[in-house]
Structures are given as C-alpha cells and as structure tokens.
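Student: Please take a close look at the ligand site and the pockets of this model. What surrounds the ligand, and how is its surroundings' lining made up?

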Amino acid sequence: MDNTIIFATGNEGKVREIRAILADTPYHVITMKEAGIDLDIREDGATFTANAVIKAKAVAAVTDHIVLADDSGLEIDYLHGEPGVLSARYMGKDTSYDIKNNNLIERLSGVAEEDRSARFVCAVAACLPDKTILTTVGTMEGRIAHAIKGTNGFGYDPIFFLPAYGCTSAEISPEEKNAISHRGKALRQMGEVLKNL
Ligand code: IMP
C-alpha cells in the first residue's frame, strides 16, 4: 500500500489542516510542489465537487499516488448562490476582499435578517491509485453581516455572521473555525474514508 498523498493545493494552511487530521494514520501528505508537480489547472466546473474532481484528476494523470484536491466558496441565498464557484474570481481575482465584501453588503442592503442566509461550502475529492474517485462535502451555515468585522481568517470571513457565536467567522480563533468549518468537516469526512480503505 502506498501511503503518500499528494494534496493539490498551493495553500500551506490547508496542507497543515489535512496533516493534522491524518496524523494518527499511516498517510503522509505532501504538496504538489514537494512532489515536483507544476500544473496550471482550469477550474471550469459548475459545482465545487466538479472542480475538486477536475483538480484531483489533473494531478492524478501525472502520478500514481493518492491525490486529494478541494474547492470551496460562499453561497448567498438572496443572490441565488452567488458568488459560488466564482468566489475567488468575484469582481476579479486581484480585487481586494475589502472591496468584494463591501460590494456584497451593498447588494444586500435593506434585505431582512431572515433573507440573509448563506453558507461556506467545501468539496474534497480523492483520486486513488486505480483512478477511483471519492468525494465529500462540508458546509458551514451563517448570515451575511451588515458590516465588515474581525481580522482572523481570510476572504469572506469578515462578513460571515455565525448566529451561534454572535460574531463573524473572522472573530473566532483558527482552532474554533477548524472545528466547525466547511473545510474541516469535508477534510475530516475524507480522512475517515481514507482510514477505512
Ligand atoms: P479555494 O477553494 O481555495 O479556491 O477558495 C475559493 C474562495 O472561496 C476563496 O478564495 C475565498 O474567497 C472563498 N472561501 C473559501 N473558504 C473560505 C473561508 O473559510 N473563509 C472565507 N472565504 C472562503
């Protein structure tokens, strides 16, 4: 059994998270860079799962190790799921999150509390050495806040209000967020799947 997993991401934070989740297993997680793989992958899927599968397959085409990939974003119900799979590219990929976040607050101005529901979604895909694909999905429910608040986290965290905490996901600690986040849930689920292979 080959215990090496290549995680198709350039994000060190995500790699640390999956390493912690798989710490009590025989799996050893390395990045694409550590595996010497450099690919420019077009994420043009219509869903988070489709994009995670596209990434996992693209990397698996050049290696026989297990490949893991994830895709995530924010869905706002009032905006019919926007920014969705385009979360990173919303208003242009180089636009600051201060501008993106203020724009979303503006688009929801005057919208009642009960219509401000939103969720972060994360899909994780694994491509096994025999090219079987396994997927998991995790979500974190919340509401779009009325103002930007908090400096932890990244991206849309400062406008993502968590009713159970009474603050945004940019105001809780990274440990608290990992325990309840879309990505934590999807990665832990995938961890369970991989442990049971
Ligand atoms: P990716 O999955 O790394 O491509 O991330 C997609 C985009 O979704 C990010 O660039 C953020 O805009 C947004 N996003 C995903 N997860 C989070 C989160 O936990 N907090 C804030 N924004 C997030």
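Tutor: By class, the shell around the ligand holds 5 nonpolar, 5 polar and 5 charged residues. Here Ala, Val, Leu, Ile, Met, Phe, Trp, Tyr, Cys and Pro count as nonpolar, Asp, Glu, Lys and Arg as charged, and the others, Gly among them, as polar. The model is a predicted one, in which local features need pLDDT of at least 70 and side-chain atom pairs count only at pLDDT 80 or more, while totals for chains, interfaces and linings use all residues. Residues are numbered from 1 along each chain as its sequence is written, and side-chain values use heavy atoms, with hydrogens and water left out.

The shell comprises 15 residues, of which Lys14, Ser72, Tyr97, Lys177 and His182 are the closest to the ligand; a residue is counted if one of its heavy atoms lies within 4 Å. Of the 480 Å² of accessible area that the ligand has on its own, the protein covers 87%. Such areas come from the Shrake-Rupley method with a 1.4 Å probe, and for residues only the protein chains shown count as cover.

The ligand takes up the space of the largest pocket; a molecule sits in a pocket if more than half of its atoms lie within 2 Å of the grid points. Strand E3 (66-76) and helix H5 (182-195) are the elements that give two or more residues to the shell, and E3 gives the most, with 3 residues. Helices (H or I, at least four residues) and strands (E, at least two) are DSSP runs, numbered from the N terminus.

A pocket is an open set of points on a 1 Å grid over the protein atoms alone, where a 1.4 Å probe fits, with protein on both sides within 12 Å along at least five of seven lines; lining residues have an atom within 4 Å of a point. The largest pocket has a volume of about 800 Å³, a volume being the space filled by probe spheres set on the points, which are joined across faces, edges and corners. Its lining has 31 residues, and Lys14, Glu43, Lys55, Asp71 and Ala88 are the closest to its centre. E3 and H5 each give two or more residues to this lining, with E3 giving the most, 4 residues. By class, the lining has 11 nonpolar, 8 polar and 12 charged residues.

The second largest pocket has a volume of about 370 Å³. It is lined by 18 residues, and Glu17, Phe154, Pro174, Lys177 and Asn178 lie nearest its centre. Two or more residues come from each of helix H1 (12-21), helix H4 (174-180) and H5. By class, this lining has 3 nonpolar, 9 polar and 6 charged residues.
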